[in-house]
Each structure stands twice: as structure tokens, then as C-alpha cells.
Amino acid sequence: MAAMEAGPVPATLAQEDAARDASEAAGAGPEAPLLPAGNRLSLHLHPGGCRRLLRLCAQQAPQLLEVDFLQLSGHEDPQLLEAALARLPWSLPRLRSLVLKGGQRREALGACLRGSLATLPASLSSLARLAHLDLSFNSLETLPACVPQMCGLDALLLSRNCLSELPAALGALPALTFLAVTHNRLRTLPPALGALSSLQRLDLSGNLLEALPPEIGGLGSLAELNLASNRLQSLPSSLAGLRALRLFILHSNLLASVPASLARLPLLTRLDLRDNQLRDVPPELLDAPFVHLQGNPLGRPPPDPPSPPGPPVVPEMPRLLLTSDRDSFAVTPQGCSVTLACGVRLQFPAGATAAPMTIRYRLWLPEPRLVPLGPHDALLSGVLELQPHGVAFQQEVGLWLLFVPPRARRCREVVVRTLSDNSWSDLETHLEEETPKRLWAHCQVPHFSWFLVVSRPVSDACLVPPEGTLLCSSGHAGVRVTFPAGATEEPRHVRMQVVRVGSRELPALLGEPEAASSPLLCLSQSGPSSFLRPVTIQLPLPPGVTGEGSRVARGGGGAQKGRPGQRPQPLSPPGLSLDRARLHLLHRAAPAAAWDDITAQVALELTHLYARFQVTRFSWYWLWYTTKACVGSLARKAWERLRLYRVNLIALQRRRDPEQVLLQCLPRNKVDATLRRLLERYRGPEPSDTVEMFEGEKFFAAFERGIDIDADRPDCVEGRLCFVFYSHLKNLKEVYVTTALDRRARAVRGQVSFYRGEVPEVVPEEAEAARQKRGPAALWMATLPIKLPRLQGCEGPTREPGLSLAPLNLGDAETGFLTQSNLLNVAGRLGPDWPAVALHLGLPYRELQRIRHEFRDDLDGQIRHMLFSWAERQAGQPGAVGRLVQALEQSDRRDVAEEVRAVLELGRRKYQEGIRHTSLAPGNLTSPDRLPSPSPEPAQA
């Protein structure tokens, strides 16, 4: 029922609509007031809407006498708004619908802002014909006194205000059939509410109600009652008097019992009791098919009785801070607050578990198998797995996930996505900002599974009852879906997403400056695939095609030549002039990627601003205005272009160690800033030409012409390094490379090439790769040169002048040695993050300060001195190498830790081969692995 409220519209979207509406006023200049379009006057998207209305009232425009619908923004100046409203009874005497909503503006994170409306002038009670009043998303703390005096009021919407109570005078509205007071601060309800004899729908969800007055049972006409997300602990027996009730929503309360008389309501089709505290329900309700009881502790024993009288002792909730070497922790019924090493936070309330439980976690690298994304979604985090899977908690657990701030926030929202019952769903998510670049996605989870953070187009949903309803887009006010009565026999859930389309993208693709399109609409539903009666969809006409705009038809509006069939004659209002043959309604049925032109199959009803049509199945819809005849294949290309990201590929070598290669895929607008930061320590060729990639697309890097990867990696197949592109994550990997060629004679000039897709089973030869590069449908993306310089003298890294260190072997023969050369390589790969490694190695903070002071102008000297001074103290001690690997992992330097493991493994193999060669041990000798187990996948920054 909340779907009846038209969603908020970001203020930045007003520009296109304002320009479009302004063309309706014939001869109107930029400062001229807008004239009503028919009997409707919509000024909520126009800056200074109240000034325009006051100007029209002062001119006594005769069109105002016919206006029956007026919408103003709640974000107007309060004094101007009050002055404009005070003129309504005399200037708009036939007004039937008044909408004064806020929510058109958004904060930095995309949340809708409340309007400034806090009261209404008393003169509005004189609007004798007013039947619909919408005051949602404002700052009302008390209901204005004029509202209960509007005797003809049929619908009253007060959602998302600051109301703490409702006046008893509200019961004096005899014609009221719909009342919505969701997401306020109501704690009690007036008994007079039971006097609303005509009330059919009542929505009080998202408040603080703890009890209901018995008089609510007197609402004999009530068909829908929504009390979700309150604090109700019991229900009055008088609810048995609601003989017309069909839909009763009570989920997310504190109900411990429900009256059995609810099962005897003759018309009840859905009773939602999910997520309450019900341990037992009457048998009549337990077996009823329309009752939903998920999330209740049914059949569980009540908690233990309180202890004998005495001063209550409330134990403090334990707080756990896990290090990277721990992947599990224990939770008791007392509850706890946990911070994982990866930054994730968990809050287990007291009583969440009935018995002690061990929780395990793991942070997975994102890959398509674990990251379900819609066509226009973007991944903002890694994938968190919490175990045990599927175990339901007695109270929901709080989860906070760090995520990358999304670059696009207009008409988009951030949600936590989870796997539940073998299907992925999005949880209700709240955003918390610690710093501008450190954002948390907070949600409540009933059980554990996989979790990730995604950015998606704003999703609007509603429950469609058999009586019908209206679903409006909160991202675009002109997009709405009307469900007539009888469209469905059982209530079904419907979801809408609207994707904004840039005004320059379609003309660029079609090569037609005047081409334009509406927003892209995606509709989905639960239940049967078809509706019983046609559903009406309204889309805004493409920008500039209405009224007397530049796209007015010069000839007739008949069907375009060469098109099969004859289009239905459009139902157009007088004065509308557009070339009907250029208007195309496109349809895409998932999972197919093809778009079909269905203009000839539907009857388009056109107004000055909108196009309406009827369907019985849901899918994707797109309205185009173009001179092109066959637009299906063009629509597919345009849709793909909307989802493509333009990126550049870079390959850089470390200045002090050319064998270390950094590969990264960067958005085009971040290349220059990233290179400025990296070129202090790296050097290499210019970035590749711009290529286009989809979110979640796989690609791989292949080292060619004598260069290979110098390590066995889980993400490396025959020298090919696997990647998955995610637009908001750092698609970066560092590897060591080697060559079988003789570098003592001359430098080795090789290359690294990037190809789309997974690594093939049979890696193509370089000649074949070159031929693929020239093909029109090539998988090749770019090739960048890699040069390994000629070795001077003996093989191995050269020491820098002035560096004198004693010979050092860290470790032992069986587990492997780290030599002075190995430690120099490790030091060369560290940077300003070396203090974190030092602290994890156990060095005191005072020593870190001393090293910083002694080598205050030499970062490399700081790193070498820290590492070698620690190594000299560890000489001869067991487990030192393991502590170094663990410290690197705890400092998020898994790349260096993996290279150290590779060096140790190579040393162990040589040691075992030497023993076998001298016949000192059998051929199957193995050495114990004393190191922490390696991660299954390398970290991708």
C-alpha cells in the first residue's frame, strides 16, 4: 500500500523536465509563469515553483479555475510556500488533489532529504472539493489543525514526517478511505481513529507503537492494515470485528501472542507475522495457508526466569579484535562485538544464540561465480563468507561492511547482497560515513551466508493486491505503473528499476543529432508470468519531442515507409505535434539480449509529456525517437554501451628491481593520477589505448617473447595471469618475471599482451596471437613492452653503493633460508607501509621512532635498517621466517609473502635434492611445513 506514494525525485533531474514543461507555454520566455497542462499544475520540479504560482494567481489566469491537481515541492522557502497555499481557496476553487511532498533533494550519500513544510495555513480548510492530500517527506511534528476540517478528504498521506501523535479530531473525516502515516514517531493511537467508518487502507508501519486501542476494531470497512516494524507486544481481541480485512501485515514486531479470532476473519488472504517473538500460535493459525510465520522462535522453550531479587548485574558485552592469523571466534548467549582483521564489524546482541557457537569467516576475491550482478550493477567490495551457513539466529545480527564509494550516485543506491535459500537477494541497508572515503554498509542478517556490497539503480517495490495499486519510480517522477482491480488473484511482489540514459550517448551511436530516448525501465514480478488484466505503463517522452519543440513533424504522422504492418492510430491530445513514425517502443525479454520493436503491437496513448501503453507481461522497455527504421540491433548496441567502462591497461617495472612487474586495469579518468603516484618507484611504457570492458568481465595477461612468470600462483595458468574486471576495485597484480635467455650477453626485450576471456586450454602461439590481433572480432586488447636489462657481473640483484651488511642466513636448511639478497628484495618491495610490518614483527614503537629520526631523509634506509636489525636478532631462533611471512600478511602485503614462500620452497627442494644426491636420505623424503598455510588465492588489491 505504500506504493501509492509517488517516490522522491532528485533535484538534479529537474533540468530536463523543466525545459520540457517550459515549451508548453506558447510564447513563454524563461521568466514567464507556466500555464497548466489541462487540469494539472505540476511545479514541484521547477525552481521557484511558489513564485510561479503566486504570479499566476496575481494575473488571475482563467486556466486556474479548471485546475484540480497541484503539486509543489516541500523544499520551497517556508514563507513563500505559506503565502502560495493561502491563495489556493480563491484561485483554485476546484482543487481535488494537493501534493506538497519533500524528498526531491538528496544528501551526499543519496538519501532523500525532508522538506521544510511544518504547518499549513488555516484557510486550506475552505477547499471544499479537496479529496487527496499528500504531505509526505516533510518536517511536520503535529498535524495541522486545518486537516481534520477537510470533510471531503478521501486520501491522506503523512509518511516520513516527525509526528509523535495523531489528534483525536482526525476521526471526524467521514469520507477518508486511505491513511498512510509510515516512518514517523507514533507511540500511541487516538481511540477516535476507530470512528473512521469509511477507512479501507491504513498504513502505520515504521513507527514506535507498543499497543493498539480496542476501538480499532470498529473499522468495519478496513481491507488493508499494515503495522510492520513497530514495537507491538500483543493485539486487542477487538480485531475480530474487522470483517472486511483482506491484508494484515505485522512483521518485525515483538508479538508474543496473537488472538485465535484472526483465523475467523472471512476475507483475510494474508496474515504476515514474520520476525516476531511467537513461541506458540493457535492451531487455527498454524495450519492456515495465508499465515506467514518465518523468523519466529516457534516451539522453543522460553528463556530462564530471572534470578532472585537483588541488584541486577548486566555483564558488559565482550569486544573482540581479531588478527589476520585467526579465521574463527566464539559467540556465547551473552553476545559480543567483533571486528575482523579485514575491517568487517559484527554485533551479536544478547540472546542471539541459545548456546555457544564458533563462527568462521573468510574474505574471497571477487569472481563471477561468487558475484551475482545485474546488467547495470557495480561491485563495491570483496565477498565475505560467514559460517556456519543457514543457522538462524534468535535475534538478528548487525553486519557492517566497508565499501568503495561509488562514482555515480544519481538515481542509484548501495545495498548488501546475500545468498539465501539458493537465491541472491538484497538486504535493507543503511549507510554510515566515518570519513569521506571510509563508508560502511550496515544491515541486519537473520543467518550467515555470503555477503557483498553492490551499487544498483534505485529499486522501487510494492505488493500488488487483487484490488490494484499504483507503483511510482522514486528516481523519475514520470515513470509509473498502474495495476487495475482484478489484475491478479493473489498478492504478488513487483519491482521497478529505472536507468538514466545520457542525452549524448544515443545521438553519438546513431549519428543523428536529434535522436533521443526515455529512461530505461525494467519491471519484474513474483508469481505467474502474466497478469489477468492489462497493466498500464507510463514513460516520459524523449527529451524535446513534445509541444512545439525542434522535432515537430513536417509531414503527416503516418507509418514510415518500408515498415511492415500498420501502426495503431495514436490517441493524442489536441495541439500535440510530433512525427509518430519516429517513435519506437522497444522491448527486451530476459535472458535474451535482443531488443524488439513492438510499436505496431501496442496502442500508444500520448500526452504532452508522457506515453502510456498496456502490457500483461513484465520485462524491459525503452522509448526511442529517431529516423532509423530498424532499431532492434541498434538498441542492443546502445544497451551494451550503457554498461561498458572505458579503461586503460598499464605494465610498469620497479626501478630498483626490473624483474618485479605491476599490471593494472584503470578507468580512463584515473590513469594520469595513478601514474603520477607510481612513477616515483616504477617505470614503463605509456598506457595502452582505451578499451571497453563490462563489469565482471574476465581477461588475462600473457608474457611473451622469452619472458615468463617466476612463481607458481593459483591465478596463473601456463604463464598467463587471470583477471576479473570490476570498475570500482583495484584490478592490480604484481608478479616477478624471469627469462630462459642469457641476460649476461644482452637485454631481453619481451612483451605482455592482454586478452579477453578465460585462459584457453591450449595457449596459442605468439604468431597466432599476432594474427588474432588483426581480426575484426579479436580477443586481443593491448600489448605493452617489457625489458629485462643486461646483467652486470654475477647474477642477482646489485647492491646499492654504501650498503654494507654482514652475511646473514635466516631460517634453517629444512624449512629454507632467507639470505641477505632475499631480504634486500623484500626491503625493495616495501614502501611507506613498512611501520605496519615492523609492528607486526614485534618491534617497539620507540624503535620505529628512532629509525625514522636516524634515516629521516632516506625511506630505503629506514626499511633496510628495520628489516636487517630484526633479522640479526632472530638469527638461530626457530620460526623466524614464519613470523616474517605472517607479519607481511597481517600488513596486507600478501604479494611479498607469496614471493617469500616461493623462495623458501625453492630452497627446500634444492636441499632435498642435495640429500638424495649424496644418498643421505630416501627418495621420498619430505620436510615439515612450519609456515602458515598459504591463502587459496593471491590478494588482488
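Modeller: A helix here is a DSSP run of H or I with at least four residues, and helices are numbered from the N terminus. Please keep in mind that this is a predicted model. Helix 12 covers residues 845-854, and both R850 and E854 lie in it.

Biologist: Thanks! How far apart are R850 and E854 in helix 12?

Modeller: They are 4 residues apart, about one turn of the helix.

Biologist: What makes R850 and E854 a salt bridge?

Modeller: Their closest N and O atoms are 3.1 Å apart. The cut-off is 4 Å between a side-chain nitrogen of Lys or Arg and a carboxyl oxygen of Asp or Glu, so this pair counts. As a general idea, side chains of opposite charge can pair when their charged atoms come close.

Biologist: Why are R850 and E854 called partly exposed?

Modeller: R850 has a relative accessible area of 35%, and E854 has 45%. Buried means under 20% and exposed means over 50%, so values in between are called partly exposed.

Biologist: How many salt bridges does a search of the whole structure find?

Modeller: The search finds 20. One of them joins R417 and D377, whose closest N and O atoms are 3.1 Å apart.

Biologist: Why do you say that R417 and D377 tie parts together?

Modeller: R417 is in strand 20 (residues 412-420), while D377 is in the loop between strand 16 (357-364) and strand 17 (378-379), so their pair ties together parts that are 40 residues apart in sequence. Both R417 and D377 are buried.

Biologist: What about D833 and R893: what makes them a salt bridge?

Modeller: Again, the closest N and O atoms are 3.1 Å apart, and the cut-off is 4 Å, so the pair qualifies. D833 sits in the loop between helix 10 (820-829) and helix 11 (834-841), and R893 in the loop between helix 14 (880-890) and helix 15 (894-917), so the pair ties together parts 60 residues apart in sequence.

Biologist: What makes K437 exposed?

Modeller: Its relative accessible area is 75%, and exposed means over 50%, so K437 passes the limit. K437 sits in the loop between strand 22 (430-435) and strand 23 (438-447). On the surface, K437 gathers with R407, K670, R677, R681 and K730 in a patch of positive charge.

Biologist: Why do strands 43 and 47 count as edges of their sheet?

Modeller: The open sheet has 5 strands in the order 43-44-41-46-47, with antiparallel pairing. Strand 43 (716-717) and strand 47 (780-788) each have a single partner strand, so one side of each is left without a neighbour in the sheet.

Biologist: How do you know that strand 46 and strand 47 pair?

Modeller: They share 8 bridges in the antiparallel sense. Pairing needs at least two, so they count as a pair. V748 stands opposite L788 in strand 47.

Terms used: Residues numbered from 1 in each chain as written. Predicted model: local features only at pLDDT ≥ 70, side-chain atom pairs only at ≥ 80, totals over all residues. Heavy atoms only, no water. Patch = residues over 30% accessible without salt bridge, like charges linked within 9 Å, V, L, I, M, F, W, Y side chains within 5 Å. Areas by Shrake-Rupley, 256 points an atom, 1.4 Å probe, with all protein chains shown as cover. Lys, Arg positive; Asp, Glu negative; His and termini not counted. Charge placed at Lys NZ, Arg CZ, Asp CG, Glu CD. Buried < 20%, exposed > 50% of the residue type's maximum accessible area, 1.4 Å probe, protein only.
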